[in-house]
Amino acid sequence: MKSFLKKLFFPILKSLYNIYSSKERSYSYKGINVRVMPGVFHPGLFFSTNLLIEYLSKLDLENKTVLELGAGSGLISIYCAKQNAIVTATDINPTAIININKNVELNNVKITAFESDLFDKIKKVNYDYIIINPPYFPKDPKNEKEFAWFCGSDFKYFKKLFSQLNNYRTESNILLMILSEDCDFNRINSIANECNFKLNLVLQKKVLWEQNFIYTIE
């Protein structure tokens with residue numbers, strides 16, 4: 001019944017989201033103020049970003065190197081920078097990079113931000129933390145903003161992610177990924193296993209109608 005209701009109301013919610021996100025909006029969380037530009041994932045309308053920050057707040061980030069893939073508005077990266085981490089933020093969407101730099105200036109922090117399709121333009125250096133809030137709906141994205149939602153009809157995003165991630169895994173670093181109950185976890189987990197990765201659940205939380213899960217990738 002729950003799944004049926006979500007499918008029933010999804011087109012309505014999608015239309016409302018598209019209308020709301022067609023203008024630049026303000027959002028504040030944990031003392032961080034960000035502007036969210038049209039075409040960039042809005043962290044305040046969903047629960048994954050805030051849940052990742054909740055989890056990160058329990059970790060020692062001071063002087064740690066952090067890489068955020070698909071950083072969107074940059075809220076998570078800015079939070080990490082405020083904890084004195086050394087942060088690199090990337091996104092496939094060039095508008096998101098403009099947005100991140102705008103919010104970096106707004107919050108007076110230092111972050112290196114640049115456009116990259118997953119690890120394509122990222123140097124092979126050791127990061128203490130790699131943070132991933134991925135797209136997971138199995139559909140081919142048609143434009144820049146849809147890269148935040150759709151992982152490809154054949155789960156291309158995850159196939160590329162796990163194949164590249166091997167080059168950035170060390171014995172000590174922590175790789176974090178958040179997923180929703182709406183994703184096809186079995187398919188994603190199977191792709192991870194094919195690349196010799198295991199998804200280990202470290203936090204599960206339900207907020208209103210959505211259950212989210214944070215995994216370490218080991």
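Is Glu-24 buried, exposed or partly exposed, and what is its relative accessible area? Glu-24 is partly exposed, at 31% (buried is under 20% relative accessible area, exposed over 50% and partly exposed in between, with a 1.4 Å probe and protein chains only). The views below come from a predicted model, in which local features need pLDDT of at least 70, side-chain atom pairs count only at pLDDT 80 or more, and totals for chains, interfaces and linings use all residues. Residues are numbered from 1 along each chain as its sequence is written, and side-chain values use heavy atoms, leaving out hydrogens and water.

**View 1. Glu-24 and Arg-35 form a salt bridge.** Their closest N and O atoms are 2.9 Å apart (a salt bridge is a side-chain nitrogen of Lys or Arg within 4 Å of a carboxyl oxygen of Asp or Glu). Glu-24 sits in the loop between helix 1 and strand 1 and Arg-35 in strand 2, so the pair ties together parts 11 residues apart in sequence. Helices (H or I, at least four residues) and strands (E, at least two) are DSSP runs, numbered from the N terminus.

**View 2. Lys-102 also meets Glu-24 in a salt bridge.** Here the N to O distance is 3.3 Å. Lys-102 lies in helix 4, 78 residues from Glu-24.

**View 3. Helix 6 has buried residues.** These are Ile-188, Asn-189, Ile-191 and Ala-192. The face turned away carries the exposed residues Asn-186 and Glu-194.
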